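Please consult the sequence and the model while reading.

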Amino acid sequence: MPKILNIIETAYRATLEEQDDTVLWLTHMLKNAGADTSILLRANAVNYAVKGQDASGLSFGDAKLMHPPEIDKDVEKIIEKAVPVYLVEEDAKERGLSDGDMVSGIKKVMRRQLPELLDQHDQIWHW
Amino acid sequence: MSSGKTLTIAIMDAPYESANSTTALRIINAALEKGHSVNVFAYEGAVSLTMRAQQPHPNPVKGTSVEQEQHPTTKDWVASLFKVANKQAANLDWVNCGLCVDERGAAEWIEGPRRGGPKDFLDASLASDATLVIPTK
């Protein structure tokens, strides 16, 4: 089974319409299907690791979003499924995010460590 | 007839792929709620926002059924915007770019939108107090 690294670079793409993140969701499905997959959060997607996110309250007239996305909880669940979730440390620092802001279980990597991380995987899927 | 101002918005993103769509719908909703009229020019992938055949789906990751998931659809959100416009006596003129519709085979819409083209966008813009373009990035 090849090792696949899913790199998520853009955050909150239609997460309100989908009630989740499409790539996190896909990774979860692939893991359930037996894939050996990891996730790397970079650029603004590092915010997916921030705990306490609240996207509730969206409505258009009578149409209300009943189940808003809970991205931080989705990240926690995918970690519980034994999917390693990496995060680019500099990208988090640039956004003022510290360890205390993050859900537990995130693996921080420095930018200079990325070649080594990529080399540990057989396929790189950059979303 | 609304006594408010008129806003024209061009949107370009397909549904379920970008936060731009939701942001545009929120702006449209806010304007309509204040009694302003809104012209929408749905360009390229945005013509699919109003496709009638959209259906909610279950979520196998969460283990939820269709009923439990209550997955929203953009066509229902747009339909609700037309209701808001009606309630506020504001006008919502939603134009789907006809050529964009044809190349996608996306001609089956909910009630409300109409077929048009770039000339409609230009005319709407010229007659509006402001024009906002929200392009695909």
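## Surroundings of Met12(B)

Two residues are in contact when they have heavy atoms within 4.5 Å of each other. In this predicted model, Met12(B) touches Tyr43(B), Glu44(B), Gly45(B), Ala46(B), Ile134(B), Pro135(B) and Thr136(B), where residues up to four places away in sequence are not counted.

Met12(B) lies in the loop between strand S1 (6–11) and helix H1 of chain B; helices (H or I, at least four residues) and strands (E, at least two) are DSSP runs, numbered from the N terminus. Met12(B) is partly exposed, with a relative accessible area of 27%. With a 1.4 Å probe and protein chains only, buried means under 20%, exposed over 50%, and partly exposed in between.

## Helix H3 of chain B

Helix H3(B) covers residues 74–87, and its 14 residues reach 20 Å from the first C-alpha to the last, close to the 20 Å expected at 1.5 Å a residue. The expected span is 1.5 Å times one less than the number of residues.

Among the buried residues of H3(B) are Trp77(B), Leu81(B) and Phe82(B). Their cover includes helix H1 (15–18) of chain A and strand S3 (92–97) of chain B. Ala89(B), which follows H3(B), has a positive phi, near 55°.

## Confidence and conventions

Chain B averages a pLDDT of 95, and 98% of the residues score at least 70; pLDDT is the predictor's confidence in each residue, from 0 to 100. The model scores ipTM 0.79 and pTM 0.86.

Residues are numbered from 1 along each chain as its sequence is written, and chains are lettered from A in the order in which they are written. Local features need pLDDT of at least 70, side-chain atom pairs count only at pLDDT 80 or more, and totals for chains, interfaces and linings use all residues, while side-chain values use heavy atoms, without hydrogens and water.
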